[in-house]
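Me: I would like to go through some labels used for this model and check each against its definition. Please give the cut-offs as we go.

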Amino acid sequence: MKTYVIFDLDGTLLNSIDDLANATNHAMRSLGYPTHGMWVYPNMVGNGVRKLIERALPEDTRSEKTVNEALALFKEYYDDHCCDATVPYPGIPELIEQLSDRGINLAVASNKYQEAVTKIVSHYFPTANFRAILGNVEGMPRKPDPSIVFKALTMCPTPKDAVLYVGDSGVDMETARRACVESVGVTWGFRSIHELKEAYADHIISTPAQILDLIV
């Protein structure tokens, strides 16, 4: 039986692509660079905000100075607008409530910076049984490095065979593999089923309720 479910955030629990895109486009526009259509962003996110900014900038402008300037503009905007258009995916609030009611421990492990993760999770899931709410902090490598999973396990000690890691991308599946925990790829997020298969997801599901079948 699984007793600890660790979730990726963006593309797994929450459809946040519009707010991420708007903040990135704000940064690009403020610096005089071209913006991008919303349809481009699902393939630009997943490796942290710095990498998102690097991908959004014109290739010949990606100096550390320019990335830092754009990143500061992104954060200034996103901190005020991160909950404007973001919504939980259908069935996610019910899933979180059912898992909590069953006594399953929960965690969030995101490549997004910690302050935003804390704010967003507290806003959308104020009563959930999250034992760890983890984003990227200085000095911690980003997924697919498994350090964030190991940190979640130190905050809620659990045998690895009792853990599920749930995410929407190949990065997430690789993170779970490196951490030696069972992976669940979700098809409702930002990336394709093909990417999940290529990353050797242990399970691929199309509705949140299917996670309930995997914890028993």
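Predicted model: local features only at pLDDT ≥ 70, side-chain atom pairs only at ≥ 80, totals over all residues.

Reply: Residues are numbered from 1 along each chain as its sequence is written, and side-chain values use heavy atoms, with hydrogens and water left out.

Me: What makes Glu54 and Lys51 a salt bridge?

Reply: The term requires a side-chain nitrogen of Lys or Arg within 4 Å of a carboxyl oxygen of Asp or Glu. The closest N and O atoms of Glu54 and Lys51 are 3.1 Å apart, so the pair qualifies. The whole structure has nine salt bridges. Both residues lie in helix 2 (residues 49-56), three residues apart, about one turn of the helix; helices here are DSSP runs of H or I with at least four residues, strands are runs of E with at least two, and both are numbered from the N terminus.

Me: Why is Glu54 called partly exposed?

Reply: Buried means under 20% relative accessible area, exposed over 50%, and partly exposed in between (1.4 Å probe, protein chains only). Glu54 has 24% relative accessibility, so it falls in the middle class. Lys51, at 33%, is partly exposed as well.

Me: How do you know that Lys65 is exposed?

Reply: Its relative accessible area is 57%, which is over 50%. Glu69, at 34%, is partly exposed. Lys65 and Glu69 meet in a salt bridge of 2.7 Å, N to O, and they are four residues apart in helix 3 (residues 64-81), about one helical turn.

Me: Which parts does the pair Asp172 and Lys143 tie together?

Reply: The side chains of Asp172 and Lys143 form a salt bridge at 3.0 Å, N to O. Asp172 lies in helix 7 (residues 170-179) and Lys143 in the loop between strand 5 (130-136) and helix 6 (147-155), so the pair ties together parts that are 29 residues apart in sequence. Both residues are buried. Salt bridges with shared partners join Asp8, Lys143 and Asp172 into one network.

Me: How is the packing of helix 2 and helix 3 described?

Reply: Two packed helices are described by the angle between their axes and the distance between the axes. For helix 2 and helix 3 the angle is about 115° and the axes are 10 Å apart. Axes are lines fitted to C-alpha atoms over the stretch in contact, and angles run from 0 to 180 degrees between N-to-C directions.
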